[in-house]
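Open your viewer and keep the selection tool at hand. The tour goes stop by stop, with something to select at each one.

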Amino acid sequence: AISREELFMHFQPQIIISSREFIGVEALVRWNHPSKGMIPPSYFIPLAEENNLISEITTFTATRSIQQQGIWKEQGKNLRLSINMSPKLLYDLDMPEDLESYAIEVGADISKIMIEVTETALMSDVARYMDILVRLKMKGFGLSIDDFGTGYSSLQQLIRAPFTELKIDQAFIRKSTTNKECHTIIKISILLAHELGMTVVAEGIETEADWNILKELGCDEGQGYWMAKPMPGEDIMPWVEQWKSKSSGE
């Protein structure tokens with residue numbers, strides 16, 4: 001798939017909950033198999049990790065999405081871009097410099113690039129990852145702890161790591177209206193992140209009820225099917241105009 005260029009990028013819009021303003025996108029890799037059709041990331045990403053191919057996929061994802069950020073910037077839209085980073089690349093001391101060089105080469109804005117690392121992956125070896133995370137932060141990249149609530153991070157670990165953003169896992173968001181425990185976890189996560197000076201992003205917003213709860217709890221940003229499904233890069237700007245019309249009640 002990698003060598004035959006069957007992988008491609010989609011981007012899911014992220015919205016400021018208080019103002020409904022479009023702020024950026026998360027880059028998501030997709031695979032269109034010639035005979036099997038679309039294969040979900042939930043299937044091929046674990047497969048790639050098991051077979052030591054995740055570094056190639058992550059490199060592909062990072063370079064293609066950063067290139068797209070440069071294109072948007074050229075068009076006058078300097079959007080924030082969130083990229084999922086495999087922990088396999090967090091062992092490579094040259095990665096922050098390579099990423100910086102590529103961003104400069106394609107005209108992207110490093111200050112608008114957010115590197116996402118899952119909580120589970122991070123907590124498996126915090127000390128080893130810390131060097132890379134600090135280097136990324138020094139280069140000007142933002143750092144996001146993804147799927148928060150699914151791992152076992154301690155307060156001490158959260159304070160040590162130089163994160164600027166916390167993403168609440170969609171499993172909690174989807175049950176926020178019916179499950180008291182999930183509602184409480186979301187509330188506490190938002191309070192904790194804000195006390196640590198972090199922005200909070202909710203994943204998996206699928207209904208207006210989800211949106212309203214997050215707004216009430218003070219969540220900063222969100223993404224999900226209720227606002228927009230992931231889409232090709234060229235569809236983002238037309239979608240923005242539709243979202244503006246919907247948000248203004250036109």
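Buried means under 20% relative accessible area, exposed means over 50%, and partly exposed lies in between (1.4 Å probe, protein chains only). The model is predicted, so local features need pLDDT of at least 70 and side-chain atom pairs count only at pLDDT 80 or more, while totals for chains, interfaces and linings use all residues. Residues are numbered from 1 along each chain as its sequence is written, and side-chain values use heavy atoms, with hydrogens and water left out.

**Stop 1: N32**

Select N32. Its place is in strand β2. Helices (H or I, at least four residues) and strands (E, at least two) are DSSP runs, numbered from the N terminus. With a relative accessible area of 40%, N32 is partly exposed. Now show what N32 touches: E6, F8, G37 and M38, not counting residues up to four places away in sequence. Contact here means heavy atoms within 4.5 Å. N32 and L7 are 25 residues apart in sequence, and their C-alpha atoms are 6.5 Å apart in space.

**Stop 2: two positive phi values**

Most residues other than glycine have a negative phi. Select E5, in the segment before β1 (7-16). E5 is not a glycine, yet its phi is positive, about 60 degrees. E5 is exposed, with a relative accessible area of 61%. Next, take R20 in the loop between β1 and β2. Phi of R20 is also positive, near 65 degrees, in a residue other than glycine. R20 is partly exposed at a relative accessible area of 26%.

**Stop 3: aromatic pairs**

How many aromatic pairs does the structure hold? There are 6 aromatic pairs. Rings of Phe, Tyr and Trp (its six-membered ring) pair if their centres lie within 6.5 Å; planes under 30 degrees apart count as stacked, over 60 as edge-to-face and the rest as tilted.

Select W31 and F44. Their ring centres are 5.6 Å apart and their planes stand at 85 degrees, so the pair is edge-to-face. W31 belongs to strand β2 (residues 21-33) and F44 to helix α1 (residues 41-50), so the pair ties together parts that are 13 residues apart in sequence. W31 counts as buried at 15% relative accessibility. F44 is buried too, at 3% relative accessibility.

Move to W211 and W226. Their ring centres lie 5.3 Å apart with planes at 45 degrees, so this pair is tilted. The pair links distant parts of the chain, 15 residues apart: W211 is in helix α9 (residues 208-217), and W226 is in the loop between β9 (221-222) and α10 (236-248). Both W211 and W226 are buried.

Together with W211 and W226, they form one aromatic cluster.

**Stop 4: the largest pocket**

Which residues are the closest to the centre of the largest pocket? Select E26, L28, P41, N84 and D146: of the 35 residues that line the largest pocket, these are the closest to its centre. On a 1 Å grid over the protein atoms alone, a pocket is an open set of points where a 1.4 Å probe fits, with protein on both sides within 12 Å along at least five of seven lines; lining residues have an atom within 4 Å of a point.

About 1,000 Å³ of space lies in the largest pocket. Grid points are joined across faces, edges and corners, and a volume is the space filled by probe spheres set on the points.

Colour β2, α1, α2 (54-74), β5 (113-118), β6 (142-148) and α7 (170-174). Each supplies at least two residues of the lining of the largest pocket. By class, that lining has 14 nonpolar, 11 polar and 10 charged residues. Ala, Val, Leu, Ile, Met, Phe, Trp, Tyr, Cys and Pro count as nonpolar, Asp, Glu, Lys and Arg as charged, and the others, Gly among them, as polar.

**Stop 5: K112**

Finish at K112, in the loop between α3 (95-105) and β5. K112 is partly exposed, at 30% relative accessibility. Leaving aside neighbours within four places in sequence, K112 is in contact with Q69, N78, L79, R80 and L81.
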